[in-house]
Amino acid sequence: MISSEFKNICIHLRRAWFNCWCYYALYVLTGKTYRIRVSNVGTSTSLNFRIQNHNMLLVETEGSYVSQQNYTTLDIHVGQSYSFLVTMDQNASSDYYMVASARFVNTTIWSHVTGVAILHYSNSKAAASGPLPPPPDDQYDPNWSVNQARSIRYVSLIYKVCLNYYHMF
């Protein structure tokens, strides 16, 4: 039995289960770059977010700019929010999965708490297909997640202003 704290993951206020017709769809245009914000508003479970075949350029966390870095998958712990830029540079003839899944939980529970949404290119003619993009393969090992957190560096706004001022002369 699944405990009440692991009942579902919502993407854009929709509870989305694999093989369910009720996926949220984000409509995008080829070649454009979009800012996406993901927040973990849960009370006990870390999430892993990924977009099938797309890189996510992390630009902000908790309202502060960070040194920009690409990720293919991103762990989001309780209470955290991340903003990243995603360029729509893939084959636009089909849709892609966006997935949020629980981290550091039993795999039987994990399969029941996976939120799915669709990245829909404007000229897409086929639904997203294949298996969902996999989470990191260290379901119970926090080292990957800790190293990812250590790789995020805040950028001082004062430093950026001073640097821009210096380059004016």
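Mentor: Start with Arg 103, which has a relative accessible area of 2%. This is a predicted model, where local features need pLDDT of at least 70, side-chain atom pairs count only at pLDDT 80 or more, and totals for chains, interfaces and linings use all residues. Residues are numbered from 1 along each chain as its sequence is written, and side-chain values use heavy atoms, with hydrogens and water left out.

Trainee: Why is Arg 103 called buried?

Mentor: Buried means under 20% relative accessible area, exposed over 50%, and partly exposed in between (1.4 Å probe, protein chains only). Arg 103 has 2%, so the residue counts as buried.

Trainee: What makes Arg 103 and Asp 75 a salt bridge?

Mentor: The rule asks for a side-chain nitrogen of Lys or Arg within 4 Å of a carboxyl oxygen of Asp or Glu. Here the closest N and O atoms are 3.1 Å apart. Arg 103 sits in the loop between β10 and α1 (107-110), and Asp 75 in strand β8, so the pair ties together parts 28 residues apart in sequence. Strands (E, at least two residues) and helices (H or I, at least four) are DSSP runs, numbered from the N terminus.

Trainee: Is Asp 75 buried or exposed?

Mentor: Its relative accessibility is 0%, so Asp 75 is buried.

Trainee: What links Glu 60 to Arg 37?

Mentor: A salt bridge, with the closest N and O atoms 2.6 Å apart. Glu 60 also meets Arg 35 in a salt bridge, at 3.4 Å, N to O.

Trainee: How do you know whether Glu 60 and Arg 35 are buried or exposed?

Mentor: Glu 60 has 3% relative accessibility, so it is buried. Arg 35 has a relative accessible area of 51%, so Arg 35 is exposed.
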